[in-house]
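Welcome to this guided tour. Open your viewer, get ready to select a few pieces, and follow along stop by stop.

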Amino acid sequence: MPISIHRSATAEDPPGGPDERSNATVRRLLRTRSGVVGCAIIAAFVLVALMAPVLGLWSPDTQDLLHTLARPSWSHPLGSDQLGRDLLSRVLYGARTSMGLALVVVGVALVIGTFLGLAAGLEGEWVDAVIMRAVDMLMAFPSILLALAIVSALGSGLLNTMIAIGISAIPRFTRIMRASVLALKTQEFIEAARAAGASDLYIARAHLLPNALAPVIVFAALLMADAVSIAAGLGFLGMGVQPPTAEWGAMLSEGRVYMRVAAHVVAFPGLAIMLMVLGFNLLGTGLRDALDVRLAD
Amino acid sequence: MAGYLAKRLLGLVVVVIGVSFIVRLVMYLIPGDPAVVLAGMGASGEDIERIRRQLGLDQPFLIQYLTWGRHLLAGDWGQSIVSQEPVLPLLLLRLRFTGLLAIAGVVLAVVVGGVMGIVAAIRRESSLDYGTTVFSLLGVSIPIFWIGLLLQLCFAVRLGWLPTSGAGTWRHLILPACAIAANSIAILARMTRSSLLEVLGSDYIRTARSKGCGELRIILRHALSNALIPIVTVIGLQFGYLLGGAVLTETVFAWPGIGRLLADAIFRRDYPVVQGAILLIAVTFVFVNLLTDMAYAYFNPQIRYR
């Protein structure tokens with residue numbers, strides 16, 4: 001996916017320090033409809049993920065073999081699964097798993113990918129050539145396939161899932177950061193800094209990074225959506241986070257056998273995946289409008 | 001066009017070499033020893049050593065890669081550890097099923113997504129338009145394996161209209177094709193709508209209207225033919241992503257495609273099949289992307305001369 005980036009006028013950003021600027025961004029984000037809905041969904045997920053242990057729920061691992069596959073009721077609002085575990089609790093703890101995983105993966109990929117993109121864009125020549133050829137090759141795989149390949153070598157589990165998804169996310173950040181840097185590099189304020197004797201490192205830190213960050217942030221939100229859905233896909237295939245950990249994809253794969261007699265076992269985890277992915281997609285769209293970034297294919 | 005084609009083909013060769021390198025590297029990094037797996041339980045140290053030498057696993061990585069590459073080009077993709085079948089014919093057989101599924105998915109996505117997008121663009125700001133927007137938001141967010149399970153539950157288990165899983169008749173194809181197309185329908189609906197709206201605002205459409213052209217003719221003849229360029233790109237990209245998503249859909253519906261083969265092979269540690277399947281899917285993906293770019297260049301001469 002060739003990506004080009006247009007960011008209208010860095011010079012016209014509101015005056016003031018970084019704090020004021022980010023406040024203005026948040027205000028603009030909350031003025032877009034997708035931004036508001038996306039923020040609400042994600043905030044709700046973050047809240048339940050953090051609060052899950054203190055909400056007075058059943059433990060996600062407590063089995064009740066006398067009441068398996070129970071339909072939703074007052075004591076189990078979403079019913080229970082094939083081992084009699086409380087489904088509400090497992091869905092909420094699943095939010096913890098997915099949210100935590102996606103945050104760490106995208107965070108680490110963002111740092112590494114941004115750094116590589118900065119290096120490629122700023123240094124040019126052979127640094128650029130080496131980094132970008134590697135990026136091209138990694139991006140020649142559909143991301144779920146690359147993640148599968150890596151998991152097939154490393155084995156399943158939480159950490160390996162994170163590594164697999166992270167490796168497929170890094171080149172996307174690299175490409176987008178490099179494109180931003182290349183667009184900025186020829187602008188006058190960079191030339192001025194160079195003429196004033198600033199070093200590459202200083203220019204990268206003080207000028208390029210802050211100005212190139214907007215598309216990276218937008219992309220991070222969209223990649224969170226991808227990370228959540230790929231992690232769930234790997235879990236569903238039995239190659240991601242392993243049971244008994246509450247993970248939505250694994251829950252679906254365990255529950256599908258009982259789908260005929262207890263549809264709720266597959267309904268709620270899937271719904272949760274969809275909502276979280278939707279939330280991050282909306283947040284990304286909202287941020288894109290608020291930061292005035294165009295990610296063009 | 002010929003020069004552009006040559007340049008792109010050369011790029012393709014480089015990427016395919018890179019892709020095969022990555023696949024082999026990942027397989028090389030597998031902890032544990034494939035020779036031990038191959039030799040089976042109770043094999044003596046000598047047996048394992050012999051197998052290792054036979055497979056060239058005692059060689060350094062680069063030599064292994066070059067030998068493997070030479071065999072690949074000669075059509076020798078190795079043997080399945082589990083069934084002892086040669087890998088390449090097995091893969092090609094399964095790829096046909098995946099291709100059928102992906103083509104059905106793309107056709108469905110183009111027809112349904114295209115019609116939704118056109119209707120939404122014509123009836124802008126109507127409830128149909130908002131409905132399409134909401135649908136496409138949900139559609140891009142829905143996990144395909146989940147919608148697969150729901151379709152199975154609804155149309156196969158409860159209503160009994162269609163078979164739950166497997167392949168054989170065209171009736172087996174319907175549910176997996178719907179599941180695999182869900183995301184693409186949503187993306188195409190949104191893309192068609194926005195690209196059509198952009199074109200509908202232009203001067204030559206106003207000219208066509210003022211000379212008394214019928215609305216339907218304007219949409220189909222004048223607007224759509226120009227709005228088609230970005231849509232073609234999206235269709236090509238979607239086809240590639242359907243290949244990746246096939247692993248999930250095929251697992252849900254027990255569809256005998258290459259994705260399910262890959263998933264099974266990973267579980268059985270059948271590494272020759274794993275690396276062959278990943279390589280073949282990735283190369284198909286790269287090739288489809290190239291075809292997409294060619295189509296794009298064909299429709300849009302600006303690209304060719306850049």
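Begin where the two chains meet: 37 residues of chain B are in contact with 32 residues of chain A. Here, two residues are in contact if their C-beta atoms, placed from the backbone, lie within 7 Å. This is a predicted model, in which local features need pLDDT of at least 70 and side-chain atom pairs count only at pLDDT 80 or more, while totals for chains, interfaces and linings use all residues. Residues are numbered from 1 along each chain as its sequence is written, and chains are lettered from A and ligands numbered from 1 in the order in which they are written.

Next, select α1, α6 (127-141), α7 (144-158), α10 (215-253), α11 (258-267) and α12 (271-299) of chain B: each supplies at least two residues of the side that touches chain A. Helices are DSSP runs (H or I, at least four residues), numbered from the N terminus. Which helix gives the largest share of this side? Highlight α10(B), which provides 9 residues.

Now colour this side of chain B by class: 30 residues are nonpolar, 7 are polar and none is charged. Ala, Val, Leu, Ile, Met, Phe, Trp, Tyr, Cys and Pro count as nonpolar, Asp, Glu, Lys and Arg as charged, and the others, Gly among them, as polar.

Stay on chain B and select domain 1 (2-73), then domain 2 (88-299); these bounds come from an automatic or database domain assignment. Their C-alpha centres lie 33 Å apart. Where they meet, 13 residues of domain 1 of chain B are in contact with 12 residues of domain 2 of chain B. For the last stop, pick α1(B), which gives 11 residues, the largest share of the domain 1 side.
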